[in-house]
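Subject: Handing over the structure

Hello,

Here is the structure I promised to pass on to you. Please have it open while you read, as my notes follow below.

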Amino acid sequence: MRTNTRIPCVIPMEDSKPLRVLCIEDDPDDLVLVRLAARRFAKPLQWQCTDNALGVTTALAQGVDIVLSDYHLGGYSPLRAIAEITARGLDIPLIVVSNAVGEGAAVEVLRAGAADYVSKDRLATLPMVITRVLEARDQRERQRRLLADNRAVAQRLKSLAAELVQAQENERRHLADSLHDSLGQTLTALQLHMQAADAADSTDEARSLREKSYGILRDAISQMRTLSFAVRPAQLDDQGLVVTVQSLAEVMLAPAGVDFELQTHGVERKRGGVQSALGFRVVQEAVTNAMRHARPQRMVVRLRFRDPGSLEVMVADDGVGFDTRRPHERTAIGRGLSTMGERCELTGGSLRVRSQPGRGTVLRACLGEIR
Ligand SMILES: Nc1ncnc2c1ncn2[C@@H]1O[C@H](COP(=O)(O)OP(=O)(O)OP(=O)(O)O)[C@@H](O)[C@H]1O
Ligand SMILES: [Mg+2]
């Protein structure tokens, strides 16, 4: 049977793999007509035909892209096919291709999940309908992937947040230990010396003990400054990252005789805020690591302020280096680098460490703009 219906050009599909069509039809003549009509589809078609439940199950197990099903079937129905597709968790569009079925039945199959309905006296529209339902399926697939991606990002952010809280707790514990071990002990020594001065038998002894107390007090003030700088250098807000990194080197590297060079590129923004603080933490962690693990003779820090708003930090030392594939072997704690990495990631940036035993270490952090 020929039809004069003009068919708009079908939309070309992205790949040329044949479309796997399952046709559920019990009338051999209609089957021929459906196959003829579908030939105008833009891709080659690979057919499986059946009129019963077993055939449908077998075909679905083998792989099907689209189902064309008659409505009036002797021992089967498109509703059963839809139920089976759904039960298998598949997203295979089913088009009912049938003689007039009446409005009630058409609504029933569409409600049950059929993608569309094509009357057998309008078979010429079949390729267009197939194109449309496949596009709708692709759209659903894209949305599913987007949703899955969003869920994965949300999950990653959740675990980053949990790890950050843990990192903050570790930092607080570290600070509490430092306060207790250094400042606490110095102040206790100060108290003992002052008590001894009060109880001294002679004025000379009392004066000597008071002088010692002043010395201990000076130590306590210097320890307090060092701790306060390590926790949050006030300079960072007043004078910016470049000056603060220079101070860090003076406090940590100069006394150990480590040669230091600071290179800067671009213009530091006036209020660097959280980004500057994070940049400082990265330099602080890298310098602390070098001093703890590497015995360097020379260190270079490079700060690159990029437009618009990103900051690149590079810290290199010429120390003993380490195998980056097994960084935690030499320590029980070892969370410094990974915590920095997570913080950089939260800004949309990244942190990379390159090192080899005997070849020094280079750390590069890229920090996105944080508003
Ligand atoms: N510059 C470096 N030179 C040599 N080894 C390094 C250097 N930086 C890191 N490492 C190695 O990588 C390991 C992990 O570093 P990381 O900063 O994560 O932990 P950590 O310094 O041991 O402990 P913390 O949690 O206090 O930072 C270190 O224990 C050390 O073995
Ligand atoms: Mg560390």
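Two strands count as paired here if DSSP finds at least two bridges between them. Helices (H or I, at least four residues) and strands (E, at least two) are DSSP runs, numbered from the N terminus. Before the findings, please note that this is a predicted model, in which local features need pLDDT of at least 70, side-chain atom pairs count only at pLDDT 80 or more, and totals for chains, interfaces and linings use all residues. Residues are numbered from 1 along each chain as its sequence is written, while chains are lettered from A and ligands numbered from 1 in the order in which they are written.

The domain assignment divides the protein chain into domain 1 (19-144) and domain 2 (235-371); such bounds come from an automatic or database domain assignment. The C-alpha centres of domain 1 and domain 2 are 61 Å apart.

The sheet with β1 to β5

Five strands, in the order β2-β1-β3-β4-β5, form an open sheet with parallel pairing. At its edges stand β2 (45-50) and β5, each with a single partner strand, so one side of each has no neighbour in the sheet. From one strand to the next, the twist averages 25 degrees; angles run from 0 to 180 degrees between N-to-C directions, and axes are lines fitted to C-alpha atoms, for helices over the stretch in contact.

Strand β1 (residues 19-24) pairs with β2 in the parallel sense over six bridges, and valine 21 stands opposite tryptophan 47 in β2. Between β1 and β2 the chain passes through helix α1 (residues 28-38), making a right-handed β-α-β crossover. Right-handed means that, with the strands pointing away from the viewer, the path from the first strand over the helix to the second runs clockwise.

Further along, strand β3 (residues 66-69) pairs with β4 in the parallel sense over three bridges, with valine 67 opposite leucine 94 in β4. Strand β4 (residues 94-98) is also paired in the parallel sense with strand β5 (residues 116-119), over four bridges. Valine 97 has valine 118 of β5 as its bridge partner. The β-α-β crossover from β4 through helix α4 (residues 103-112) to β5 is right-handed.

Helices α5 and α6

Helix α5 (residues 126-198) packs against helix α6 (residues 203-231) at an angle of about 165 degrees, and their axes are 8 Å apart. α5 and α6 are therefore roughly antiparallel to each other. For reference, angles under 35 degrees count as roughly parallel, over 145 as roughly antiparallel, 65 to 115 as roughly perpendicular and the rest as oblique. The crossing of α5 and α6 is left-handed, a crossing being left-handed if the near helix is turned anticlockwise from the far one by less than a right angle, and right-handed if clockwise. In the contact of α5 with α6 there are 17 nonpolar, six polar and three charged residues. Ala, Val, Leu, Ile, Met, Phe, Trp, Tyr, Cys and Pro count as nonpolar, Asp, Glu, Lys and Arg as charged, and the others, Gly among them, as polar.

The sheet with β6 to β10

Another open sheet of five strands runs in the order β6-β7-β8-β10-β9, with mixed pairing. Its edge strands are β6 and β9 (350-355), each with a single partner strand, so one side of each is left without a neighbour in the sheet. Neighbouring strands of this sheet are turned against each other by 10 degrees on average, direction ignored.

Strand β6 (residues 259-265) and strand β7 (residues 298-305) are paired in the parallel sense over seven bridges. Phenylalanine 260 has methionine 299 of β7 as its bridge partner, and leucine 262 has valine 301. Together with helix α9 (residues 273-294), β6 and β7 make a left-handed β-α-β unit.

Best wishes
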